[in-house]
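I opened the model to look up a few local features and to note how they sit in the chain. My entries follow in the order in which I checked them.

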Amino acid sequence: GVRVLVTNKPGANGTIGLSQVASAKPDGYVLGMAYGAPLTISPHTMKLSYGVDDFTPITQLTGGTALIFCVKPDFPASNGKEFVEHVKQNPDKYSYGNDGVGALVQ
């Protein structure tokens, strides 16, 4: 019998909505829902009015984040195995980077 009001606050990679949740009166009625980036990436790329410690996680709603490996249509490989073979055959042509700011997989 409790009325629920959903307010979507899009923008700034989800940080606008989370800023409002973080600054709301802690009355037990304000909840925020966000994917990982506003809590894991945005604090490293922009100045925010909140920190990760301003929130208490209560549940996980999804099983994880889907990751997609993409190349340009004209890249000389059409699947993962061909990609690895091509890069190994051309070690001075490609560079690789991972982790750091914005990484989803640690």
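I began with S42 and listed its contacts, where contact means heavy atoms within 4.5 Å. Apart from neighbours within four places in sequence, S42 touches N13, T15, A37 and L48. S42 is part of helix α3, residues 42-45. For helices I used DSSP runs of H or I with at least four residues, for strands runs of E with at least two, both numbered from the N terminus.

Before going further I noted the ground rules. This is a predicted model, in which local features need pLDDT of at least 70 and side-chain atom pairs count only at pLDDT 80 or more, while totals for chains, interfaces and linings use all residues. Residues are numbered from 1 along each chain as its sequence is written, and side-chain values use heavy atoms, with hydrogens and water left out.

Next I looked up burial. I took buried as under 20% relative accessible area, exposed as over 50% and partly exposed as in between, with a 1.4 Å probe and protein chains only. S42 counts as buried because its relative accessibility is 0%.

I then turned to N13, one of the contacts of S42. N13 has a positive phi of about 65°, although it is not a glycine. N13 lies in the segment before α1, and it counts as partly exposed because its relative accessible area is 33%.

A12 belongs to the segment before α1, which covers 15-23. With a relative accessibility of 40%, A12 is partly exposed.

I stayed in that segment for two C-alpha distances. T7 is found before α1 and is partly exposed at 48%. From L5 to V30, 25 residues apart in sequence, I noted 9.8 Å between C-alpha atoms.

Which residues of α1 are buried? I found T15, G17, L18 and S19. These buried residues pack against α2 (37-40) and α3. T15 of this set is also on the contact list of S42.

I went on to the aromatic rings. Rings of Phe, Tyr and Trp (its six-membered ring) pair if their centres lie within 6.5 Å; planes under 30 degrees apart count as stacked, over 60 as edge-to-face and the rest as tilted. By this rule there are 3 aromatic pairs. One of them, Y50 with F55, is edge-to-face, at 5.4 Å centre to centre and 75° between the planes. Y50 and F55 are both buried. Elsewhere, ring pairs join F75, F83 and Y94 into a cluster.

Last, I wrote down the totals. The protein has 4 helices and 0 strands, and its elements run α-α-α-α from the N terminus on. Of its 106 residues, 12% count as buried. Among contacts between residues at least 6 apart in sequence, 43% join residues at least 24 apart. The accessible surface is about 9,300 Å², and 56% of it belongs to carbon and sulfur atoms. These areas come from the Shrake-Rupley method with a 1.4 Å probe; for residues, only the protein chains shown count as cover.
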